[in-house]
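Subject: Structure for you, with notes

Dear colleague,

Here is the structure I said I would send. My notes on it follow below.

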Amino acid sequence: MKAAVIESVGKAVVTEVPDPTPGPRDVVVEVAACGLCGTDLHILQGEFAPTLPVVPGHEFAGVVVGLGRDVRELSVGDRVAVDPSLYCHECRYCRSGHNNLCERWAAIGVTTAGGAAQYAVAPVANCVRLPEHVRTQDAALIEPLSCAVRGYDVLNSRLGSHVLIYGSGTMGLMMLELAKRTGAASVDIVDLNADRLATARKLGVSGSGGYADELDRPQGWDVVIDATGNAGAIQDGLERVAKAGTFLQFGVADYATRVSIDPYRIYNQEITITGSMAVLHSYERAAELFAGGVLDPDVFISDRLPLDAYPQALDQFASGVGRKIVVVP
């Protein structure tokens, strides 16, 4: 079969690889669409994936075309979205309900072959059947949405909060849509990308600009979310949190990224700084929200490219052009 392969640091190709073989409790999915994510860039840069080469792609959906011998829950022809998370269910963190912090954490498309291919293997337990009205190619958005849902689980924000989001890429826009539906009094977005800010305005952001100083909230925001992973944005965001407010590190930063904090201010103003790592008990909820129309796929997906164009799609994503880019095998 044809697949995208990150062969080595900085090198992605599209080539022929062996067809996947399902284990007893696995299914084979014919991929309808696979989204690109910042994690894919980190893998390309030599981070996250423990070994290379690897077939990337952890945001995908498709049609079941093969079943392991012990699979009864799904049938050939079922359309599914796939939660890429793979946990050991044995370590301290799994046993305490923090599976996303698993000591042996793994993921389809990161540590094992993923969905940037014609076919992919997934445990049947990781597959969510799609309702009839959901287009299979659009359902690649469910995985990033499940990360955003997890972010809001961590925030546990109060009704009537004023929210500031750094970054209006796919994840920032998803956080915007969830903030609007979780009782925020206002949601502002900061981004230097004018095209992406235009999309945020289309979706109904309260205020937007290139810098937080352009927005009228001198007392700060109750909730500040970084969806960029950029050191400058993170540093600025930490300084915009209002008293008793919360800063959420949601964007994936490079390992070497460093910022400064003011310990006295954190103490004196009771500021919370927290993070959100991937997916945790949120995939099924995200699938239900998606089926209910929480996102407009035609707004969120800016480019649908053929699998052969995967290396070029990575370059486009890295350049910040467009929103969600999906490849279609």
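Is Arg-135 buried, partly exposed or exposed? Arg-135 counts as partly exposed, because its relative accessibility is 44%. Please keep in mind throughout that this is a predicted model.

Salt bridges

I start with the partner of that arginine. The side chains of Arg-135 and Asp-138 meet in a salt bridge, with N and O 2.4 Å apart. Asp-138 has a relative accessible area of 4% and is therefore buried, the cut-off for buried being under 20%. A salt bridge also joins Asp-138 to Arg-304, where the closest N and O atoms are 2.8 Å apart. This second pair links distant parts of the chain: Asp-138 sits in the loop between S9 and helix H3 (142–155), Arg-304 sits in strand S16, and 166 residues separate them. Arg-304 counts as partly exposed, at 34% relative accessibility.

Another salt bridge is formed by Asp-153 and Arg-285, whose closest N and O atoms are 2.6 Å apart. Here too distant parts of the chain are linked, with Asp-153 in helix H3 and Arg-285 in helix H8, 132 residues apart. Both ends are partly exposed: Asp-153 has a relative accessible area of 34%, and Arg-285 is at 36% relative accessibility. The count of salt bridges comes to 15.

Lys-324

Lys-324 is placed in strand S17. Is Lys-324 buried or exposed? Lys-324 is buried, because its relative accessible area is 3%. What does a polar atom of the Lys-324 side chain have 2.6 Å away? That is the backbone oxygen of Leu-36. Leaving out residues up to four places away in sequence, Lys-324 touches Gly-35, Leu-36 and Cys-37, then Glu-59, Leu-141, Pro-144 and Thr-170, and also Phe-300, Ile-301, Ser-302 and Asp-303.

Helix H10

Helix H10 covers residues 310–319, and its buried residues are Tyr-310, Pro-311, Ala-313, Leu-314, Gln-316 and Phe-317. The elements that cover these buried residues include strand S1 (2–8), strand S2 (11–16), helix H1 (38–44), strand S16 (301–306) and strand S17 (324–328). Two of these names have come up already: Arg-304 is in strand S16, and Lys-324 is in strand S17. Just after H10 comes Gly-320, with a positive phi of about 80 degrees.

Asn-126 lies in the loop between strand S8 (119–123) and strand S9 (127–129). Its relative accessible area is 11%, so Asn-126 is buried. Which residues is Asn-126 in contact with, leaving aside neighbours within four places in sequence? They are Ala-81, Val-82, Asp-83, Pro-84, Ser-85 and Leu-86. With Ser-85 there is also a polar contact, in which the side chain of Asn-126 reaches the backbone oxygen of Ser-85 at 2.7 Å. Asn-126 and Glu-284 are 158 residues apart in sequence, and their C-alpha atoms are 9.6 Å apart in space.

The second largest pocket has a volume of about 290 Å³. Its lining is made up of 15 residues, and the closest to its centre are Asp-83, Ser-85, Tyr-87, His-89 and Asn-126. Strand S6 (85–86) supplies at least two residues of the lining, as does helix H8 (283–291). By class, the lining of this pocket holds seven nonpolar, six polar and two charged residues.

The cavity

How many cavities of 30 Å³ or more does a search of the whole structure find? The search finds one. The largest cavity has a volume of about 30 Å³. Its lining consists of Tyr-152, Ser-157, Arg-158, Ser-161, Val-163, Ala-179, Thr-182, Gly-183 and Ala-184. Four of the lining residues are nonpolar, four are polar and one is charged.

Regards

Notes: Residues numbered from 1 in each chain as written. Predicted model: local features only at pLDDT ≥ 70, side-chain atom pairs only at ≥ 80, totals over all residues. Heavy atoms only, no water. Helix = DSSP H or I, 4+ residues; strand = E, 2+ residues; numbered from the N terminus. Buried < 20%, exposed > 50% of the residue type's maximum accessible area, 1.4 Å probe, protein only. Contact = heavy atoms within 4.5 Å. Polar contact = N/O pair within 3.5 Å; in protein donor to acceptor, adjacent residues only side chain to side chain. 1 Å grid on protein atoms, 1.4 Å probe; cavity = no way out; pocket = protein on both sides within 12 Å on 5 of 7 lines; lining within 4 Å. Points joined across faces, edges and corners; volume = space filled by probe spheres on them. Nonpolar A, V, L, I, M, F, W, Y, C, P; charged D, E, K, R; others polar. Salt bridge = Lys/Arg side-chain N within 4 Å of Asp/Glu carboxyl O.
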